[in-house]
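Biologist: I would like to learn how to read a model like this one. Can we go feature by feature?

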Amino acid sequence: MSTVTWITARGLFGRRRFLLLVPLPLLVVALAVASRIVGIDPDAWGQAVVLGLGLAVVLPVVALIVGTGVLGSEIDDGTVVHILTTPLPRWQIILPKLFVATAVTTVTAAIPLYIAGVLAHSVRFGLALVAVSAIGALAYSAFFLALSLLTRRPVLLGLVYVLIWEGLLGNFVSGTRVLSIQQYVVALADKIAPTEILTATVGIPLAVVMSVLITVAGTVLAVDRLRSFSVAGETS
């Protein structure tokens, strides 16, 4: 498993798509720091930066880029054949890739969110954002990793989920929030460090249960889907 983890991390950091992870986190930090420097009240920018940009865009988009990249690119360029010919059980391939995707997403999203949270409210709020970044990163990564094995256009469908389902419909159709990872993250952060910046729209029990369910279901589906690939890289 350690070999798969190392190969995955090396491949991910060696691809150009990794550069896409840099601008959005830097934008969160820049906006938070600039707002504090010019003396803008955190009530005026906290929600837009922390929730509107950090939790609603940076976390899911980074997870999408990384989660679909740890295995999807290998399927696209055909190198998945080398993985499929190894005697490793498929779960020993999926779990390290999920670990790398979660770790990279957590670090990339948590650092700017912590800085923004501290500047907008308090250290406790910043730490809460770090904690929920890890939870959200795991759920999103499992979901997008499975998606990369289910379709040839995982990034497109992932963007539909993030921008349309969570972003657009989530603001107008309350029923869609039940299946929104973003809402689970917001609810958990609001529970850990209650602030007016975040307002939970789903209950904690639902957020916990659905986060676990999506993570487990995505992982199991990814393992099962990888088993269905032939050596040629096509599903049977």
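Modeller: Start with Thr195, in the loop between helix 9 (181–192) and helix 10. Helices (H or I, at least four residues) and strands (E, at least two) are DSSP runs, numbered from the N terminus. Two cautions first. This is a predicted model, so local features need pLDDT of at least 70 and side-chain atom pairs count only at pLDDT 80 or more, while totals for chains, interfaces and linings use all residues. Residues are numbered from 1 along each chain as its sequence is written, and side-chain values use heavy atoms, with hydrogens and water left out.

Biologist: Is Thr195 buried or exposed?

Modeller: Buried means under 20% relative accessible area, exposed over 50%, and partly exposed in between (1.4 Å probe, protein chains only). Thr195 has 12% relative accessibility, so it counts as buried.

Biologist: Which residues is Thr195 in contact with, leaving aside neighbours within four places in sequence?

Modeller: Contact means heavy atoms within 4.5 Å. With those neighbours left aside, Thr195 is in contact with His121, Phe125 and Asp190.

Biologist: Now a helix residue. Where does Ser211 lie?

Modeller: Ser211 is in helix 10 (residues 204–227). Its relative accessible area is 9%, so Ser211 is buried. The Ser211 side chain reaches the backbone oxygen of Ala207 at 2.6 Å. Beyond its neighbours within four places in sequence, Ser211 is in contact with Ile135, Ala139 and Tyr184.

Biologist: What about Leu31: which helix holds it?

Modeller: Leu31 sits in helix 2 (residues 23–37). At 36% relative accessibility, Leu31 counts as partly exposed. Leaving aside neighbours within four places in sequence, Leu31 is in contact with Val49 and Leu53.

Biologist: Which residues make the nonpolar surface patch?

Modeller: Patches are made of residues with over 30% relative accessible area and no salt bridge; like charges are joined within 9 Å, nonpolar side chains (Val, Leu, Ile, Met, Phe, Trp, Tyr) within 5 Å. A salt bridge is a side-chain nitrogen of Lys or Arg within 4 Å of a carboxyl oxygen of Asp or Glu. Val155, Leu156, Leu159, Val160, Leu163, Ile164, Leu168, Phe172 and Val173 make a patch of about 790 Å². Leu156 is in helix 8 (residues 154–172). Ile164 is found in helix 8 too, and is partly exposed at 40% relative accessible area.

Biologist: How many helices and strands does the protein chain have?

Modeller: The protein chain has 10 helices and 0 strands. Of its 236 residues, 49% count as buried.

Technical notes:
Accessible areas come from the Shrake-Rupley method with a 1.4 Å probe; for residues, only the protein chains shown count as cover. A polar contact is a pair of N or O atoms within 3.5 Å; within protein, one must be able to donate a hydrogen and the other to accept it, and residues adjacent in sequence count only if both atoms are side-chain atoms.
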